[in-house]
Amino acid sequence: MLIAGCGINTIPTKDEKAKAAWAEVQNQYQRRSDLIPNLVETVKGYAAQERQVLTEVTQARASATQVKVDASTITDPAAFEKYAAAQDQLSGVLGRLMVIQERYPELKSNENFMALQSQLEGTENRISIARRDYNAAVQDYNTEIRTFPGALWAGTVHRWAKPMQTFQASAAAQSAPSVNFGAPAAPSVSMAPAAAPAPKAANAQ
């Protein structure tokens, strides 16, 4: 009881919490991935001429799903960066796919497309929340293994404990994928809420 009171179980507890949050991030990315094939087929039925965008979305989805991840990924900077980059790339081309619906009135009024659009919007919101919760859990865990008395346990009993990686905003990703189906501008992609609207120069071409 004395040892437990000194925090020997704190690191494993926070480790499990961070891993659970990581699993939820993966779950939401998988949900998005599962939606994409139906979305692509629906758009193809009304805008087959947009084959370049359709192809890019399909290829980006394939690349994102080919990146193998597990519990060790969050303590491996290279593997984590590769996973995040693949998901960012998919977010970018998916945003372009959603923008083209402005040019096709029949697509905009298609019930199947509208249902998929609603599901995608909800999924993007869930991804944003899952990332936020994951980052918070990792920050808590990383702080524990670097401060006393956690650092003492991390250097002795829990030598397996390694710092975990967090999602970081990049130059190409300034905000969580914005699925704005009523605006012609291309959505911006980010891992955190954008501080300001994207400039007009960033409009989709």
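User: At roughly what angle do the axes of helix α3 and helix α4 cross, and within what distance do they come?
Analyst: In this predicted model, the axes of α3 (residues 51-66) and α4 (residues 77-99) cross at roughly 160 degrees and come within 9 Å.

User: Why are α3 and α4 called roughly antiparallel?
Analyst: The cut-off for that label is over 145 degrees. The α3 and α4 axes cross at roughly 160 degrees. The two helices are therefore roughly antiparallel to each other. Their crossing is left-handed.

User: Which residues make the contact of α3 with α4?
Analyst: From α3 come Val-53, Leu-54, Glu-56, Val-57, Ala-60, Arg-61, Ser-63 and Ala-64. From α4 come Ala-86, Gln-87, Gln-89, Leu-90, Val-93, Leu-94, Arg-96 and Leu-97. By class, the contact divides into 10 nonpolar, 3 polar and 3 charged residues.

User: What makes α2 roughly antiparallel to α6?
Analyst: The axes of α2 (residues 10-46) and α6 (residues 111-146) cross at roughly 160 degrees. Over 145 degrees counts as roughly antiparallel. So α2 is roughly antiparallel to α6. The axes come within 8 Å, and α2 passes α6 in a left-handed crossing.

User: How many nonpolar, polar and charged residues does the contact of α2 with α6 have?
Analyst: The contact of α2 with α6 has 19 nonpolar, 7 polar and 12 charged residues.

User: Why does α4 count as roughly antiparallel to α6?
Analyst: α4 and α6 pack at an angle of about 150 degrees, with their axes 13 Å apart. The label needs an angle over 145 degrees. That makes α4 roughly antiparallel to α6. α4 also passes α6 in a left-handed crossing.

User: Which residues of α4 and α6 meet?
Analyst: Phe-80, Asp-88, Leu-94 and Met-98 in α4 meet Phe-113, Leu-120, Glu-124, Arg-131 and Tyr-134 in α6. By class, this contact of α4 with α6 has 6 nonpolar, no polar and 3 charged residues.

User: How many helices and strands does the protein have?
Analyst: The protein has 7 helices and 0 strands. From the N terminus on, the elements run α-α-α-α-α-α-α.

User: Why is Thr-73 called buried?
Analyst: Buried means under 20% relative accessible area. Thr-73 has 4%, so Thr-73 is buried. Thr-73 is found in the loop between α3 and α4.

User: What is Thr-73 in contact with, leaving aside its neighbours within four places in sequence?
Analyst: With those neighbours left aside, Thr-73 is in contact with Trp-22, Lys-68, Ala-79 and Phe-80. Phe-80 is also one of the α4 residues that meet α6.

User: How far apart are Ala-71 and Ala-18 in sequence and in space?
Analyst: Ala-71 and Ala-18 are 53 residues apart in sequence. C-alpha to C-alpha, the two are 9.8 Å apart.

User: Is Ala-161 buried or exposed, and what makes it so?
Analyst: Ala-161 has 13% relative accessibility, and under 20% means buried. So Ala-161 counts as buried. Ala-161 lies in the segment after α7.

User: What is Ala-161 in contact with, leaving aside its neighbours within four places in sequence?
Analyst: Apart from those neighbours, Ala-161 is in contact with Ile-11, Tyr-141 and Ile-145. The C-alpha atoms of Ala-161 and Asn-142 are separated by 9.2 Å, and these residues are 19 apart along the chain.

User: Why is Trp-160 called partly exposed?
Analyst: The class runs between 20% and 50%. Trp-160 has a relative accessible area of 41%, so Trp-160 is partly exposed. Trp-160 lies in the segment after α7. Leaving aside neighbours within four places in sequence, Trp-160 is in contact with Ile-11, Pro-12, Asp-15 and Tyr-141.

User: Which peptide bond is cis, and what is its omega?
Analyst: The bond from Phe-148 to Pro-149 is cis, with omega near 5 degrees. Pro-149 is found in the loop between α6 and α7 (150-154).

User: What percentage of the protein's residues count as buried?
Analyst: Of the 205 residues, 40% count as buried. The protein exposes about 11,300 Å², and carbon and sulfur atoms supply 53% of that area.

Note on methods:
Residues are numbered from 1 along each chain as its sequence is written. This is a predicted model: local features need pLDDT of at least 70, side-chain atom pairs count only at pLDDT 80 or more; totals for chains, interfaces and linings use all residues. Side-chain values use heavy atoms; hydrogens and water are left out. Axes are lines fitted to C-alpha atoms, for helices over the stretch in contact, and angles run from 0 to 180 degrees between N-to-C directions. Helices (H or I, at least four residues) and strands (E, at least two) are DSSP runs, numbered from the N terminus. Angles under 35 degrees count as roughly parallel, over 145 as roughly antiparallel, 65 to 115 as roughly perpendicular and the rest as oblique. A crossing is left-handed if the near helix is turned anticlockwise from the far one by less than a right angle, and right-handed if clockwise. Contact means heavy atoms within 4.5 Å. Ala, Val, Leu, Ile, Met, Phe, Trp, Tyr, Cys and Pro count as nonpolar, Asp, Glu, Lys and Arg as charged, and the others, Gly among them, as polar. Buried means under 20% relative accessible area, exposed over 50%, partly exposed in between (1.4 Å probe, protein chains only). Accessible areas come from the Shrake-Rupley method with a 1.4 Å probe; for residues, only the protein chains shown count as cover.
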